[in-house]
Amino acid sequence: MSFLKSFPPPGPAEGLLRQQPDTEAVLNGKGLGTGTLYIAESRLSWLDSSGLGFSLEYPTISLHALSRDRSDCLGEHLYVMVNAKFEEESKESVADEEEEDSDDDAEPITEFRFVPSDKSALEAMFTAMCECQALHPDPEDEDSDDYDGEEYDVEAHDGMEVDTTPTVAGQFEDADVDH
């Protein structure tokens, strides 16, 4: 695949939080091989034993999660969805995409799955991803700065009035229900 490049792995200077050897990388269902996953504050990288791999910048990562579905042929893994196209395209796949994607505004999506040989490392991998992703908030998410762990105040942000009168037990028991 043409997007695989040779580059040095991230080190302490880039805020390396986790290095996970013997991790299989899967791109949109196609195995790329086994290598080392590097979770750093600056980027998420994977390199195989020959030194070829890829790096993902956190702003392009739209979702990361742990998949605990053991019925999946991969088993438990770290799932990462990226807003970018990474596959090498053939003429046939481009024609198929044009037929399938009539929405011109749709962003390309690529799914990566990282399957470590040591399944006990998954939780630490996910935690490291959360920490690094938090350092790179989505610039298009207007509400991300408003949430500070407190309850969201609708009136202050949306101008709506909210009835905060508490309900009384049995208050609506005699209401007619039309189905």
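Is R68 buried, partly exposed or exposed, and what is its relative accessible area? R68 is partly exposed, at 44%. Keep in mind that this is a predicted model.

So who does R68 pair up with? Its salt-bridge partner is E123, with the closest N and O atoms 2.7 Å apart. The two come from distant parts of the chain: R68 sits in the loop between β6 (61–67) and β7 (77–82), while E123 belongs to helix α2 (residues 122–134), 55 residues apart. E123 is partly exposed too, with 42% relative accessibility.

| Salt bridge | N to O distance |
|---|---|
| R68 and E123 | 2.7 Å |
| E14 and R43 | 2.9 Å |
| R113 and E111 | 3.6 Å |

Take the pair E14 and R43, whose side chains meet at 2.9 Å. E14 is in the loop between β1 (5–6) and β2 (16–27) and R43 in the loop between β3 (30–40) and β4 (44–48), so this bridge ties together parts 29 residues apart in sequence. E14 is partly exposed at 27%, whereas R43 is buried at 12%. As for the bridge between R113 and E111, E111 is partly exposed, with a relative accessible area of 27%.

Terms used:
Residues are numbered from 1 along each chain as its sequence is written. This is a predicted model: local features need pLDDT of at least 70, side-chain atom pairs count only at pLDDT 80 or more; totals for chains, interfaces and linings use all residues. Side-chain values use heavy atoms; hydrogens and water are left out. A salt bridge is a side-chain nitrogen of Lys or Arg within 4 Å of a carboxyl oxygen of Asp or Glu. Helices (H or I, at least four residues) and strands (E, at least two) are DSSP runs, numbered from the N terminus. Buried means under 20% relative accessible area, exposed over 50%, partly exposed in between (1.4 Å probe, protein chains only).
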